[in-house]
Amino acid sequence: MTDSPPPLVRFENIQKSYDGRILVVKDLNLNVAQGEFLTMLGPSGSGKTTCLMMLAGFEPATHGEIFLKDQPINRVPPHKRGIGMVFQNYALFPHMTVAENLSFPLEVRKMDKPERERRINRALEMVQLGEFGDRRPAQLSGGQAQRVAVARALVFDPDLVLMDEPLGALDKNLREQMQYEIKHIHENLGVTVVYVTHDQSEALTMSNRIAVFNDGVIQQLAPPEDLYEKPLNAFVANFIGENNRLLGRITGVNGDSCTVDVDGGGSVVANSINIGGEGARTTLSLRPERVAINPEPGSLPNIFDANVEELIYLGDHIRTRVAVCGHDDFVVKIPNSSHHASLEVGNSVKVGWNVEDCRALDSSD
Amino acid sequence: MTSATATDANPAGTGEVMTADGVPLRISLARARRRSRNRALLLVAPLFLFVLITFFIPILSMLFRSVENQIVGETLPHTVEALQQWDESGGDLPPEEVYAALVEDLRIANETKTAGKVGRRMNYEKSGFASLFRTTARRIKRIEAPYKETLIKAKKDWGELETWQVLKRESDAYTLSYYLAAVDFSYTPTGEVLKLPDDRSLYVGLFWRTIWMSLLITVLCLILAYPISYLLSTLPVKTSNLLMILVLLPFWTSLLVRTSAWIALLQKEGVINDLLVWVGLIGDEHRLTMIHNATGTIVAMTHVLLPFMVLPLYSVMKTIPPSYMRAARSLGATPFMAFVRVYMPNTVPGIGAGALLVFIISIGYYITPALVGGQSGTLISNFIAYHLSISLNWGLAAALGTILLVLVLALYILYDKIVGIDNMKMG
């Protein structure tokens with residue numbers, strides 16, 4: 001990392017084990033810059049929530065040190081860290097009204113009443129719930145409760161807000177709407193957010209940077225577009241977005257590109273990213289929208305015969321599954337434009353792709 | 001298949017919606033609902049009858065018994081009628097007709113052997129009545145006119161104004177004298193209400209003692225049960241199940257066994273006293289009296305009733321997500337403040353249910369105070385039992401029981417007003 005200002009949060013060699021046998025987090029090093037929206041993304045059990053809990057102070061780190069504004073905080077109890085947090089099921093206090101919920105962090109900070117009211121109103125306005133101060137949490141819809149939870153985590157002006165899968169309980173439309181709202185709040189306030197989710201589209205929508213977790217290790221830490229366009233290993237390529245995998249063996253390396261013999265037959269020229277030497281196994285990663293159907297002969301370095309297995313009409317595009325190079329789960333997205341090729345199941349077609357779009361990564365098997 | 005839809009299949013044109021076969025929808029719906037309602041009623045009928053026969057009817061009969069007084073009017077009908085003409089405050093004995101009526105009534109009573117009963121009833125009002133009626137009835141054959149003179153000669157109580165005043169006062173079919181007795185008041189012979197002197201007052205003190213001891217037991221149960229329930233609700237399931245069994249084990253043990261165990265522990269030569277003497281905290285001659293008094297009752301009842309507090313508390317605490325406490329901590333509250341401001345208010349339904357349960361059970365508790373209560377640790381229920389089974393003054397027992405019932409209902413309503421009964425969670 002070459003952040004010019006000092007990072008707000010720094011994880012240094014953090015390890016965490018619950019039972020003394022298995023490491024849930026293995027040697028984590030991570031910097032979160034001031035004002036950044038950083039998402040920890042990963043499947044369940046990958047250690048992302050554990051990292052968040054260690055940062056919030058609810059779980060002690062087994063080894064290593066976490067720094068907040070360059071101060072070690074391993075021994076600082078949660079209530080002295082001054083970190084706002086939004087919980088998965090909101091954790092609004094049911095016996096208090098919305099305004100009382102928001103007032104709670106201000107009361108424990110011994111703020112006087114006019115100041116409290118000013119901040120509560122400001123926070124409620126921010127989440128467009130100005131009229132809801134007297135409601136009880138039970139009288140709110142899921143989306144409103146979520147907004148109150150966000151307002152409560154921000155009302156005392158923390159430098160850092162943690163969000164633990166805050167949108168998990170909402171339905172799809174509301175979730176997308178809330179993603180934009182949280183993103184705008186983050187942009188307007190300039191607060192630093194560490195966000196945990198297992199939903200990749202959520203992560204791609206909101207984040208400045210995404211840390212993809214698997215097996216207690218950050219697989220890749222990058223801005224959303226890099227993560228999608230330039231995955232560094234097979235796990236990330238597979239986890240983020242739709243991905244075609246072709247397994248094979250490297251037969252020749254030539255500068256930035258390499259030649260791979262695919263297991264089902266066929267020789268592919270690929271962009272070498274994360275590979276061993278000649279003879280090593282590799283996973284070729286190829287986004288479905290980067291594959292052309294029936295290209296002009298010779299226009300692309302990789303052109304193969306394929307057989308159409310399945311067509312799924314999805315409105316804006318047609319998801320076409322073809323069998324190519326012995327892999328019958330190869331997906332091609334054909335845009336539903338006026339001059340798209342009309343295919344039928346069983347057709348023989350040609351598929352082709354560029355060297356840069358086909359990334360040779362570590363062998364995942 | 002007819003083409004008519006539900007709405008236009010209405011020959012009368014009244015605007016009523018009809019079903020496909022022409023029955024008004026409203027009637028058809030009511031019919032369908034009645035069928036399922038009848039089935040539901042049939043299912044609860046056995047329980048309803050059981051509760052009615054074994055619970056409501058006995059309680060109503062008990063309530064009735066606390067005011068019922070028909071025995072005087074039934075056994076001495078002529079006397080009661082003749083007494084109506086007599087002015088009890090005039091200072092004169094009743095006239096000859098009243099005495100004649102009494103003799104007639106007692107003749108019949110002697111044959112039907114009911115004189116003893118009315119004597120026992122009247123004895124609650126004034127001691128001496130039992131033997132007065134018994135002896136007079138036995139000698140009734142020898143009583144001749146003029147009845148007034150011979151009766152007074154046979155038993156000189158018949159010549160006392162008070163005897164007749166009390167008899168006239170209690171000749172109504174209903175009386176409040178049981179209730180007056182239950183709150184340490186009594187009638188004067190002429191029917192004025194008077195507080196009993198302190199040395200004869202008993203029940204009001206007992207009611208107060210019952211209430212404060214029940215309150216103390218409730219508070220002690222709450223103090224003991226709260227941390228246990230918290231532990232149970234936060235431990236992993238495997239450990240908490242084991243602990244729950246430890247909480248419930250005494251619950252499944254016979255009440256007598258548990259109470260006797262407390263006797264073994266607390267008595268003068270018991271384990272605790274022995275231990276204290278052995279350690280040297282108290283001298284052998286100053287052994288503590290911890291049983292057969294209020295202390296014994298409180299200790300044993302707190303132990304017996306503890307599960308009733310633990311179970312509702314536990315069931316409420318289990319539903320409080322740990323994220324509440326975490327949220328409070330992350331918002332800047334110290335652990336203590338998070339507990340007081342966030343955790344505890346959420347356990348109020350459990351506190352309410354447990355406290356109400358323990359209080360209501362202990363206010364009517366009988367066995368434990370009877371065994372370990374001694375003089376200072378007995379409760380009102382012990383006296384109700386005494387009047388039911390030993391003194392056989394069922395009227396007074398019923399009056400005491402009714403007051404207890406009203407007390408509990410009043411507390412229940414109070415609780416509903418303050419906390420709200422909807423907030424209660426039993427389990």
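Q: How many salt bridges does the rule find across the interface of chain A and chain B?
A: Count each side-chain nitrogen of Lys or Arg within 4 Å of a carboxyl oxygen of Asp or Glu as a salt bridge. By that rule, the interface of chain A and chain B has two. This is a predicted model, so to speak with care: local features need pLDDT of at least 70 and side-chain atom pairs pLDDT 80 or more, while totals for chains, interfaces and linings use all residues, and side-chain values use heavy atoms, without hydrogens and water. Residues are numbered from 1 along each chain as its sequence is written, with chains lettered from A and ligands numbered from 1 in the order in which they are written; the salt bridge count, again, is two.

Q: Which residue of chain B forms a salt bridge with A:Glu59?
A: Look for the partner whose closest N and O atoms are 3.9 Å apart from those of A:Glu59. That partner is B:Arg326.

Q: What is the area buried between chain A and chain B?
A: Buried area is the accessible area (1.4 Å probe) that two parts lose on being put together, summed over both. Here carbon and sulfur atoms give 66% of it. The total is about 1,800 Å².

Q: How many residues does the contact take from chain B?
A: Contact means heavy atoms within 4.5 Å. Chain A brings 22 residues to it. From chain B come 17 residues.

Q: How far apart are the C-alpha centres of domain 1 and domain 2 of chain A?
A: Chain A splits into domain 1 (9-234) and domain 2 (244-361), with bounds from an automatic or database domain assignment. Between their C-alpha centres lie 39 Å.

Q: What area do domain 1 and domain 2 of chain A bury between them?
A: Eight residues of domain 1 touch eight residues of domain 2 in chain A. Carbon and sulfur atoms hold 43% of the area that these domains bury. That area is about 710 Å².

Q: Which residue forms a salt bridge with A:Arg290?
A: The rule finds one salt bridge across the interface of domain 1 and domain 2 of chain A. A:Arg290 has a partner whose closest N and O atoms come out 3.0 Å apart from its own. The partner is A:Glu229.

Q: Which helix gives the most to the side of domain 1 of chain A that touches domain 2 of chain A?
A: Helices are DSSP runs (H or I, at least four residues), numbered from the N terminus. The one to find spans residues 224-229 of chain A and gives three residues. It's helix H7.

Definitions and conventions: Helices (H or I, at least four residues) and strands (E, at least two) are DSSP runs, numbered from the N terminus.
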